[in-house]
Amino acid sequence: MAEILDFEPLKTNLSAIAQDVEGTLDTLLSVPAGGEARVVEAMRYALFAGGKRMRPFLTVAAADLFGVSREASLRAAAAVECVHTYSLVHDDLPAMDDDDLRRGQPTTHKQFDEATAVLAGDALLTFAFEVLSDEATHPDPRVRIGLVSTLARASGHHGMVGGQMIDLRAEAEGLTYGEEQITRLQQMKTGALITAAVELGAVLGKAGPAAHHALISYARSMGFAFQIADDILDLESSAEALGKATQKDDDAGKATLVNRWGVDKARAHADFLVEQSIDCLAEFGDKARLLKEVALYAVQRKS
């Protein structure tokens, strides 16, 4: 796969959509005057800590294929970011991955306390569905139900939570996973939310079966490549570059394709997956340019 040397136009688009998503979140999640203010402050602390906002970008870019209003896609993208951020807040807790640094700053339980971090994560998760179920996101109740169902399935035991449980069991019980088990784990833990982020755009746009299937296929391949690239960065990059601790998974003996195959084979497989994901977008032509570029960026990024 040819390396793209200039990702600056894509980064400009990523930054612009990230700012729009943050503006939407800022409007939707104001700090109340009552005693619950502390948990909202913790929610906002986690949400506005930075990050590439790749998942919400995928929602907006997919929705743009179908001419969805930017207000609707930004609200759906904001919901995706709430779920993603909740997962990070909970993953960082001492009972999970026990991290002190996230996105270059103290993790939420370090900045506040463990109980507040648990509640902030709970509130971010439920707030996502409050946003999706609101008529302001889409006037058609069938579309809103589709949005809620898509994100719920990806977030719970069928997806992200289930994948995290499989990962934790391996570490706690000393289980050794083969390639198929690692692939399933990563498709659930990381890939499911990335796939949902893209699929929300298709749901908003009332995509036909063929287009819907093409976008899901794109997202599954791209999400798997993204996770492999993330595991490579965890080995090769620094905490300063990534804004979080590195090599923790390797030190803990967690199952990844990188530590099973080695970096070179894993990188080659990620490249193959990206080519596969781009092929899935053929029917959209140049309209899918941003989705193609972000797939390439997912495996060529340095942080």
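This is a predicted model: local features need pLDDT of at least 70, side-chain atom pairs count only at pLDDT 80 or more; totals for chains, interfaces and linings use all residues.
Phe-112 is buried, with a relative accessible area of 19%. The structure holds three aromatic pairs. In one of them, the ring centres of Tyr-45 and Phe-112 are 5.6 Å apart and the planes stand at 75°, so the pair is edge-to-face. Tyr-45 belongs to helix H2 while Phe-112 sits in the loop between H5 and H6, so this pair ties together parts that are 67 residues apart in sequence. Tyr-45 also counts as buried, at 18% relative accessibility.

Another edge-to-face pair joins Phe-66 and Phe-284, with 6.2 Å centre to centre and 90° between the planes. Here the linked parts of the chain are 218 residues apart: Phe-66 is in the loop between H3 and H4, and Phe-284 is in the loop between helix H14 (263-279) and helix H15 (289-300). Phe-66 is partly exposed, with a relative accessible area of 26%, whereas Phe-284 counts as buried at 9%.

**Around helix H2**

Let's return to the helix that carries Tyr-45. Eight of the eleven residues of H2 (residues 37-47) are buried, so the helix is largely enclosed by the rest of the structure. The buried residues are Ala-37, Val-39, Val-40, Ala-42, Met-43, Tyr-45, Ala-46 and Leu-47. Their cover includes helix H1 (8-28), H4, strand E2 (105-106), helix H5 (108-111) and helix H6 (114-132).

Tyr-45 has a further neighbour in Thr-107, which also touches Asp-92, Asp-99, Asp-100, Leu-101 and Arg-102, leaving aside residues up to four places away in sequence. You will find Thr-107 in the loop between E2 and H5, and at 1% relative accessibility this residue counts as buried.

**How the helices pack**

| Helix pair | Angle between axes | Axis distance | Handedness of crossing |
|---|---|---|---|
| H3 and H4 | roughly 155° | within 8 Å | right-handed |
| H8 and H9 | about 145° | 7 Å | left-handed |
| H4 and H9 | about 160° | 10 Å | right-handed |

H3 (residues 54-64) and H4 (residues 70-91) cross at roughly 155°, and they are therefore roughly antiparallel to each other. On the H3 side, the contact uses Arg-55, Pro-56, Thr-59, Val-60, Ala-63 and Asp-64, while H4 brings Arg-70, Ser-73, Leu-74, Ala-76, Ala-77, Val-80, Glu-81 and His-84. By class, that makes seven nonpolar, three polar and four charged residues.

H4 packs against H9 as well, at an angle of about 160°, and these two helices are therefore also roughly antiparallel to each other. In this contact, Ala-72, Ser-73, Ala-76, Val-80, Val-83 and His-84 of H4 meet Leu-193, Ala-197, Leu-200 and Leu-204 of H9. The residues divide into eight nonpolar, two polar and no charged.

H9 (residues 179-204) has a further partner in H8 (residues 160-173), with the two axes 7 Å apart. Met-160, Gly-162, Gly-163, Gln-164, Ile-166 and Asp-167 of H8 meet Arg-184, Leu-185, Met-188, Lys-189, Ala-192 and Leu-193 of H9. By class, this contact has six nonpolar, three polar and three charged residues.

How values were computed
Residues are numbered from 1 along each chain as its sequence is written. Side-chain values use heavy atoms; hydrogens and water are left out. Axes are lines fitted to C-alpha atoms, for helices over the stretch in contact, and angles run from 0 to 180 degrees between N-to-C directions. Helices (H or I, at least four residues) and strands (E, at least two) are DSSP runs, numbered from the N terminus. Angles under 35 degrees count as roughly parallel, over 145 as roughly antiparallel, 65 to 115 as roughly perpendicular and the rest as oblique. A crossing is left-handed if the near helix is turned anticlockwise from the far one by less than a right angle, and right-handed if clockwise. Contact means heavy atoms within 4.5 Å. Ala, Val, Leu, Ile, Met, Phe, Trp, Tyr, Cys and Pro count as nonpolar, Asp, Glu, Lys and Arg as charged, and the others, Gly among them, as polar. Buried means under 20% relative accessible area, exposed over 50%, partly exposed in between (1.4 Å probe, protein chains only). Rings of Phe, Tyr and Trp (its six-membered ring) pair if their centres lie within 6.5 Å; planes under 30 degrees apart count as stacked, over 60 as edge-to-face and the rest as tilted.
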